[in-house]
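Colleague: I am new to this structure and would like to learn how to read it. Could you take me through it step by step?

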Amino acid sequence: MKKFLAAFLCAAVALSLSACNDNAETSKDDSKESSVTESKDNSENSAENSENSSAGNSENSEDTNSSANGPETSDVEYADASEEDFGYTDYKDGVEITSYRGKGGAVRVPDTLGGKKVISIGAVAFENCTSLTGAEIPDSVTEIGNHAFEGCTGLTSVKLPGSITQISLYAFFYCESLTSVEIPVGVTTLESGSFGNCTNLTSVKISDTVTKIDGAFYDCTSLTSVEIPDSVTFIGNESFYGCTSLTSVTIPDSVTEIGYAFSKCTSLTNATYKGNTYDYEHIDDLYKAING
């Protein structure tokens, strides 16, 4: 019996030692596998971090270059509007757009409606269309009517063709998102309020066919400078009233009549008149116009 127990205990010990060895080998293998996996993961993470770092540096480099070269600008993408979006009146020589009922966005106004060319954007045609972000006017149009785009507060850009000869009263009044405008060759008069209260308007290019500016740009509070062409002979009351960011203006010697055009231009520090002293002293209210 004692011999049997001794044999049994020896067998048990042998099994225990064998299990321990197996566990040790398994642990060793697991450790090696874990070590290899961890090393591989670390290597992959390191490569990924290096790649991300390289990409990030590349992007930062591009951003720096972009910043150095100035912001990139892209043209507004205008979409053709459907004929069903417009109401219009038919005249002998063409049609006048009287209303717009489209969904807005940047709209390319058609050059024909009902088989006849569009010759005019009528009074209040787009008034208070706040969803309108852009308007490309066709070169068949010669006139922008009174209040045509008034209150289009989302309008950021407008393309005016060279065919236009008249921009009427309050045509773009309170288009507060409009940032720049180029007055086409052919326009001779900028009517009262035509671009009034365009509070984000920073750039204005006036063509050398304009002879009269009559209260056109009042309360354009972001306008910092304006170049008045030699063609202008008249600058009416409140033409640049309340343009609080306007710092400089040059008035050509062609101007023979001027009203209180620059009142409340609180930042205006550089005003130049190109005419001689005699003209300066004798043009009605020129000194008051510049000095507010």
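Modeller: We will go through the strands, the salt bridges and then the pockets.

Modeller: This is a predicted model, in which local features need pLDDT of at least 70 and side-chain atom pairs count only at pLDDT 80 or more, while totals for chains, interfaces and linings use all residues. Residues are numbered from 1 along each chain as its sequence is written, and side-chain values use heavy atoms, with hydrogens and water left out.

Colleague: What is the strand order of the open sheet of 4 strands?

Modeller: In general, strands of a sheet pair through backbone hydrogen bonds, either parallel or antiparallel. Strands here are DSSP runs of E, at least two residues long, and helices are runs of H or I of at least four, numbered from the N terminus. Two strands pair if DSSP finds at least two bridges between them. The order in this sheet is β1-β4-β7-β9, and the pairing is parallel. β1 and β9 are the edge strands, each pairing on one side only. Between β4 and β7 there are 4 bridges in the parallel sense.

Colleague: Which residue in β7 is the bridge partner of R108?

Modeller: That partner is E136. The side chains of R108 and E136 also form a salt bridge, with the closest N and O atoms 3.4 Å apart.

Colleague: How many salt bridges does a search of the whole structure find?

Modeller: The general idea is that side chains of opposite charge can pair when their charged atoms come close. The criterion is a side-chain nitrogen of Lys or Arg within 4 Å of a carboxyl oxygen of Asp or Glu. The search finds 3. One of them joins D80 and R108, at 2.7 Å from N to O. D80 is in strand β1 (residues 79-80) and R108 in strand β4 (residues 105-108), 28 residues apart. Through shared partners, D80, R108 and E136 form one network of salt bridges.

Colleague: Is D80 buried or exposed?

Modeller: Buried means under 20% relative accessible area, exposed means over 50%, and partly exposed is in between (1.4 Å probe, protein chains only). D80 counts as exposed because its relative accessibility is 62%. R108, at 29%, is partly exposed.

Colleague: Where in the chain are D90 and K116?

Modeller: D90 is in strand β2 (residues 86-91) and K116 in strand β6 (residues 116-121), 26 residues apart. Their side chains meet in a salt bridge of 2.8 Å, N to O. D90 is partly exposed at 48%, and K116 is partly exposed at 25%.

Colleague: How much space lies in the largest pocket?

Modeller: On a 1 Å grid over the protein atoms alone, a pocket is an open set of points where a 1.4 Å probe fits, with protein on both sides within 12 Å along at least five of seven lines; lining residues have an atom within 4 Å of a point. Its volume is the space filled by probe spheres set on the points, which are joined across faces, edges and corners. The largest pocket holds about 240 Å³. It has 14 lining residues, and V181, E182, I183, P184 and K205 are the closest to its centre. β9 (157-159), β11 (180-182) and β13 (203-205) each supply at least two residues of that lining.

Colleague: Which strand gives the largest share of the lining of the second largest pocket?

Modeller: β9 does, with 3 residues. This pocket has about 170 Å³ of space, and its lining includes D75, Y78 and K159.
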